[in-house]
Amino acid sequence: MCDLHKLCHLLDGDLGSLEVGTLPLKAAELVLAEMAELFSGKAFPESFESQFDDYLSRGQILRAIALLKILSTSDPTGSILLPLLERALLWDADHGLENDTPEVLPQELLATHHPRLAWSVLRQDKMEIVAAPEPGQNLGSITWMIAHDPRPLGPQAPYGLALVWLSTTAVEGKPHRNAQRRTPRRKAVLQVKLTLLGQDAANRSMRGLRAELRDVSTSGLGLSVQNPLAAFSAREFEGRPVRIEFVPPGESQQVSALANIAWAHDKEDRGKPTTQLGLELYESPAEFVDAIRGLHSDVKDDQRCLWNLWISHSTSL
Amino acid sequence: MSMEPLDITQYQPVKSEPTIQALAVGGGKGGVGKSLFTTCLANLLGNMGKRVILMDADLGGANLNMMLGIRVPEATLDDFILRRVDSLDDILLETSLPNVRLIAGGSETPALANPNFGQKTRILRALLKLSADYLLVDLGAGSSLNTLDFFLSCPQRLLVMSAQPTSLQNAYSFVKVALYRRIGRILSKTTLRGMLDARPGINDEEIPLALDDILNEISFRAPEALTEVREAILELKIKLVLNMVHDPREAQIGQVLEKTCQQYLGLDVDVLGSIPYDPELVRWASRMNTSALASARKGIALPAIHDIACRIIAVSSKEVPGSEEQAA
C-alpha cells in the first residue's frame, strides 16, 4: 500500500486498519505524526492533487483540508499546497451558497476566506484521534469530526474512534463566530420590515417593526431593532414566526420570506437601547436568496455596503 | 531625499499641553469646501475671543492665504522647513480676521511638498508649542501620508464632505486609510511590519484588506500588538461635517458613512453638524474680496458653522479639565 493510500484509509474512517486500537488513546495523535513523517522530506505522491480534488468534488471538505494539513509538514511555507487551499476556499465562494453540504465549509473551519491567513490557521489547528462520542452527543463548537470508525474498542472507546479537527482559531478563548454557523455570515446594513405572525402577537407595538439588517447568510439573518421606549423585551421575541421584507438596493420590487426568531437579546448599541435578533429562515424563495446574494460580496464588503446604503438614501429623497 | 514615514507613535495627541487645541480638517475629496469651512470656523472662533492659528497643511497646493486676502505670503512653512527661521512664531501671519493668524503652506519645490521624517517631526513639535487656544489644520485633498499624519496627530478630527456620492466614497476611503495608517505604524514594531503596504511583485490578494482579516492576522502572528491596535481603533474618533447641503434630508447621507465606519472599521464617526449651501459663501470663495466676505457673513451658512464652533468648544472643554467656565 502506498503512503497516500494509507493516509486516505485514515481520512475515510478506517482507523482500525492502522491498528490505532493497540495504542493508548492518549497517544493516538502520534499516529498522525507518523503519517506526516511518511511524507516528510519526500516528494509528494503524484496522485495527492487528484485525491484532494476528489474529496472536494464530493463535498468532503474536512477530508480535503485534513489531507493538506498532514501534507503541510513537508511544505511548511505552502509553496505547493497553498494553491490547493485557495481552490478549497474558492469552492466555498463558488458553491457554498448553492451546495448545502452537511460539512463545515473551509471558510468556517479556518475562520477566514483569506488564503494566507487560512494557511496559517491550518498549520496551527490540531488533528487528533479520540474516543467517538455517543451518537447524538455534540463534540463542541470548536471540534469537527473528520472521520468516524464506529467499531467499538473496549471500555475506553465504546463507540469507536473519531478523527477530529480541533480549531485553535478562537481569539481570547472564544470560537470564531463563523465557526458556530452552518453558512458563513457577511456584514450588511439595510433597513427592513419585520412583521410578527401568529395569533399571540397581540402586542401591537411589536406587530410591524422597522429593523436594521446587520449580517446575512442564506440560512439566517442578524437584525437590530431600535427599542427607545423599552416597549418590549427580548424574551417576547424568541421562538416567534415572522415575515421579513425589504427592497433590495437598486430594485423596486420588495422581497420577503418567513423566518423564526432563533434568539433575541437586549443590548445597548452606541448608547441606544436595541434588541438584537437572530432569524432562521423557514423558507428561501429564489428572489429572496438572490437578494441576499446581492448583499453578499467579497473582500470589498464595506464598499458594497456603502453603495447599498447610498442607494437606499438617495431613493428616499 | 529619503521618505521615511512619520512615527505616529511618538505623536499621539498630546494631552499634557492644554494650551492649544489642535483640530484637523480633512475629507479626502477636493472641492467640498474644507478650506472655506475652516476659514469660517476660524473667523467665528476668533469672534468668540479665542486665539486661533490656521495652518495650511495642503503642502504643495497651499492657497488658504488667498481666502484671507493675503495674495503673496511673506513667510511660509517652507521657511521653517529650510531653517530660514527658528520658530513657527516667526512665520505666523496676521490676518484681517480678529484673533486669527495664519501659517501659510509652502510650495516652493516638490521636495518641500513632501517633507521627510525629520522635517515633519520638527513641524509637529513646533506646532504643539504655539501659544493659542485653537490650531486649525486645513488638510489637502487625497490621502497622502503627509495628510494622514497631520490628521492623525490632532486630537480633534473633522471630516468635511458634501452630499455627493463621490464625496461619500472619498470620505470613507480617507477614514479607512487613516485607520490603516495608524495600525501600520503600530505593526511597524512587530514582525508584521509592512503588512499593509502594497508592494510591486506581491499579489494584492495576499494583503488583507478587511479589518477583520487584519485583526485575525495580528492575533495569530503578532498578538502582542493586538491590544494596542484595538485601543487605537477606539481612540480614533472622527466628527463629520456635511457641507453644501441643498435639502436638509440630504444630510442623512452622514448616517451612511456613520454606519459603514461603525460596522466595518469599528470607528465612531458622529455627525457634528450640517451646513446649508450658501451662494454668498461660494461667491466669496470665487472673488476673495472684502465686500463678498461682508455678504457671506449675512448668509445662511454662517449660523450653522457657528453651531459647529460652539460644539467644538464644548468638546474641547470636556477634554481640558478646568476650562468649562471659560467656554461658558
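Visitor: What share of the contacts in chain B with a separation of 6 or more comes from residues 24 or more positions apart?

Guide: That's 76% in this predicted model. Chain B itself has 14 helices and eight strands, and 47% of its 328 residues count as buried.

Visitor: Why is B:Ile218 called buried?

Guide: Count the C-beta atoms. B:Ile218 has 24 C-beta neighbours inside 10 Å, and the cut-off for buried is 20 or more, so B:Ile218 counts as buried. You'll find B:Ile218 in helix 8, residues 211-221.

Visitor: Which residues is B:Ile218 in contact with, leaving aside neighbours within four places in sequence?

Guide: Those are B:Leu192, B:Ala225, B:Leu226 and B:Val229. As for B:Thr190, 28 residues from B:Ile218 along the chain, the two C-alpha atoms are separated by 9.5 Å.

Visitor: And what makes B:Arg83 exposed?

Guide: Exposed takes 12 or fewer C-beta neighbours. B:Arg83 has 9 inside 10 Å, so B:Arg83 counts as exposed. B:Arg83 is in the loop between helix 3 (77-81) and strand 3 (93-94).

Visitor: Why is B:Asn99 called partly exposed?

Guide: B:Asn99 has 19 other C-beta atoms within 10 Å. Look for B:Asn99 in the loop between strand 3 and strand 4 (100-103).

Visitor: What is the phi of B:Arg83, and what is the phi of B:Asn99?

Guide: Phi is about 60° for B:Arg83, which is not a glycine. For B:Asn99, also a residue other than glycine, phi is near 65°. Most residues other than glycine have a negative phi.

Notes: Residues are numbered from 1 along each chain as its sequence is written. Chains are lettered from A and ligands numbered from 1 in the order in which they are written. This is a predicted model: local features need pLDDT of at least 70, side-chain atom pairs count only at pLDDT 80 or more; totals for chains, interfaces and linings use all residues. Helices (H or I, at least four residues) and strands (E, at least two) are DSSP runs, numbered from the N terminus. Two residues are in contact if their C-beta atoms, placed from the backbone, lie within 7 Å.
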